[in-house]
Amino acid sequence: MKPIIALTKGRLENQFIEFLESLDYEVDPILKKGRKLRIETEIFEFIFAKGPDVATYVEHGIADLGIVGGDILAEFHPDVFNLFPLPFGHCRMAVATEKGKVWSNKKKKIASKYTGITKEYFRNKDESVDIIKLEGSVELAPILGLADGIVDIVETGTTLKENGLVVQEEFFSFSARCIANRSSLKIKRDVLSPIIASFQKQEDYV
Ligand code: PRP
């Protein structure tokens, strides 16, 4: 049985393909997958899902391994083995506001996709805030007056910049991570061990 790897679609997917290629694994079927959400290479079966769902598929043992951002693990705390960081997907979690924003004394309204991380961040500061859950494009919230600021991931900083926002505070750095289903690691040890070992051989990756 081929090992099943759940991949986060989008940016991490592209970076993971480059990473696989650098390790001399076959990537052609992934590059040619079109809109397919499940494909096979000679060695692997891949499924493609959104970050939180990658964690869910791995937690439930549908996938043996998962490639997911550290942000997803911090937000959802899935019951998986959080194996090791991968050398791509480097981001920071930050509080951002409109440029020149002066906080008033009123309770802050913070928009985020990451309500758990936001709650924990402000709880650690002993500050009570109203959290507004959004599903994406959170940079719109301060611009349109829905919130005073946002908590979101920053990778290149381009999205903030192009929308007139600036970082007030960065509080958590992370990268992509390799996660594993708890039972798979025992049951499929023979097939997973060499793959895990190759993913950890990061010195070969430029
Ligand atoms: C993420 C994040 C920011 C952006 C940051 O959004 O929420 O909007 O990337 O990246 P940057 O610093 O390189 O500009 P994503 O692209 O995942 O889409 P979303 O807005 O739909 O969540």
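I started with the two domains: the C-alpha centres of domain 1 and domain 2 lie 29 Å apart. Domain 1 covers 4-89 + 175-204 and domain 2 covers 91-173; these bounds come from an automatic or database domain assignment.

A note on what I'm looking at: this is a predicted model, where local features need pLDDT of at least 70, side-chain atom pairs count only at pLDDT 80 or more, and totals for chains, interfaces and linings use all residues. Residues are numbered from 1 along each chain as its sequence is written, and side-chain values use heavy atoms, with hydrogens and water left out.

Next I looked up who touches whom. Seven residues from domain 1 and ten residues from domain 2 take part in the contact (heavy atoms within 4.5 Å).

Then I checked the buried area, meaning the accessible area (1.4 Å probe) that two parts lose on being put together, summed over both. I got about 700 Å², with 44% given by carbon and sulfur atoms. On the domain 1 side, Arg11, Asp71 and Glu75 lose the most area to domain 2, together 60% of what that side buries.

How many salt bridges cross the interface of domain 1 and domain 2? I found one, counting a side-chain nitrogen of Lys or Arg within 4 Å of a carboxyl oxygen of Asp or Glu. Arg11 also turns up in a salt bridge with Glu155, where the closest N and O atoms are 2.7 Å apart.

Last, I looked at helices (DSSP runs of H or I, at least four residues, numbered from the N terminus). H1 (11-22) and H4 (70-76) each supply at least two residues to the side of domain 1 that touches domain 2. H4 gives the most to that side, with four residues.
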